[in-house]
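Colleague: Please show me how to read a few residue features in a model of this kind.

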Protein chains: 2
Amino acid sequence: MRRRKPVFDRTTLAALGEDGLLRLLTSRWRPGPTVRTGVGDDCAVLAGRGTDHSLLFKVDSVVEGVHFPPDTPFRLVGRKALARGLSDIAAMGGRPLDALIALALPATAAASAVRDLYRGIERLARQSGVDLVGGELSRSRQLVLTIALLGETAGYPPLLRSGAHPGEGLYVTGSLGGSLSSGRHLRFRPRLSEGRWLAEGRWATSLMDISDGLAADLPRLARASRVDFSVDESRLPRHRGCSVKEALCDGEDYELLFTVPPDREAALRREWPFSTRLSRIGLCLRPSAAARTLPDSHGFDHFRLS
Amino acid sequence: MRRRKPVFDRTTLAALGEDGLLRLLTSRWRPGPTVRTGVGDDCAVLAGRGTDHSLLFKVDSVVEGVHFPPDTPFRLVGRKALARGLSDIAAMGGRPLDALIALALPATAAASAVRDLYRGIERLARQSGVDLVGGELSRSRQLVLTIALLGETAGYPPLLRSGAHPGEGLYVTGSLGGSLSSGRHLRFRPRLSEGRWLAEGRWATSLMDISDGLAADLPRLARASRVDFSVDESRLPRHRGCSVKEALCDGEDYELLFTVPPDREAALRREWPFSTRLSRIGLCLRPSAAARTLPDSHGFDHFRLS
């Protein structure tokens, strides 16, 4: 048998995976003067309305049959699409501002389905202080709902994935695992208040949200920060009935993952003002330490066929 | 036979049409303090980086089999998706700044297809001064490419659809008709320079781009401005071989449609610095004049089954 070489032209998305392909595609991009952080974080970071002000910019899609089962109530489809984007704003420590809706769906769909989908978006937008500023409709065979979001950090810098240092504690909010099987992926609350508190108070050095599972997302943070990490599996905050593997790999948790300098950890735990669970799950290490205890890519990848 | 009542719950998108549905859906939205113009124009207009500075925000999708035939080269698919959004920035008189790419496509697609699609976007982005700041990939059965765009007007206000007055001349750039059959819809040049010149020099009072055909788009401008209009069909700038009907209804022209006060018209024609054709096609009238010479909805509608 001939070994198949990873030639770009013969490789399918399934073989390359989402991260690998995006790295290839965007490696040539050279961001301009208004771009503070481009590709590779939860949101793009742009120059904002003042010198200590950043604009956050994000686009994200949910696809019928991939991000939600076909029988999901339309209200929850709309809700989830916005909630995912808000989780990315939360993952920078930002405040969401404005959203645009691009919806592709079959012409045979009932107008009431679109209304329900919009109501799901509207309700969460109201609760989160987001202004809806426009909508587009296109015809398609499969429902694809895309939301573009603007947010900001005003008076403090956004928290990136790349700010962690060896020796810092690894923390997560909430509990992990079982999001898809329990339906939590349709109803989760984006951690906007928590993210903003962590950024405004300079508690965290790096921050991201867990969307593809800790096993996929933590290595992304570590790679961006050029650190290694060690996770104590017994400390993983698991949802009731979830195994360690499920907590690591199920994905769709939309909890926050962040790092805290050792001299701030005691104060963080003392002053954490939320009822949201806070767990120290491990430690950042020097990259040479080779102590990584999680395999690199066990979380959800849109294009890997497992 | 019972007459079917237009009950929301029983109405399909095909019956209601894109404009009608979006009007229904967004009529309850109340824009917040940072929103200058929300729903209903080519872009949303938000407070910008200074007092005489507006931020333009847009999202737009192209769908395989709807906006391009399945055998279209991927480079041109990417190009068209960005060009459509740029045309909307041009339609406000703005300068494009940053773009995000959300691509949904089958996992069996070749990685080289995605690379080609990205190259088409990248090339036009470079030519237009747009920074690409992020990309997302999802799995779907049908290719849906969505681009979110930020732009600005700095030192002058954006041109809205709602600024036309009775007595003003109606103008279009370029020529109309035959865009789909000729392939021009894949290769058109967004009228960014023209739009910006019109806005910076305060030449136009209202501006939009022609994407669904003059017969669909002109009534939108008239409705937004509360004017009526008269069009001299013999003055319609038609592409070679196109009938008046084709020039009115084919759509996908991506030319600019704008209005000019009578005392500025002579100077506009004299000082127009572009090689792009400039045509005076008619006149804005008082709404009571009942002199509208174009039927209301002959252009392309995503959900009308013609």
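Modeller: The UniProt annotation "binding site", from an unreviewed entry, covers His67(A), Glu252(A) and Phe300(A). UniProt positions are given in the numbering used here, feature names are shortened, and annotations may be inferred rather than shown by experiment. This is a predicted model, in which local features need pLDDT of at least 70, side-chain atom pairs count only at pLDDT 80 or more, and totals for chains, interfaces and linings use all residues. Residues are numbered from 1 along each chain as its sequence is written, chains are lettered from A and ligands numbered from 1 in the order in which they are written, and side-chain values use heavy atoms, with hydrogens and water left out.

Colleague: Is His67(A) buried or exposed?

Modeller: Buried means under 20% relative accessible area, exposed over 50%, and partly exposed in between (1.4 Å probe, protein chains only). His67(A) counts as buried because its relative accessibility is 2%.

Colleague: Which side chain forms a polar contact with that of Glu252(A)?

Modeller: A polar contact is a pair of N or O atoms within 3.5 Å; within protein, one must be able to donate a hydrogen and the other to accept it, and residues adjacent in sequence count only if both atoms are side-chain atoms. The side chain of Lys80(A) is joined to that of Glu252(A) by such a contact of 2.6 Å. The side chain of His67(A) reaches the backbone nitrogen of Val63(A) at 2.8 Å.
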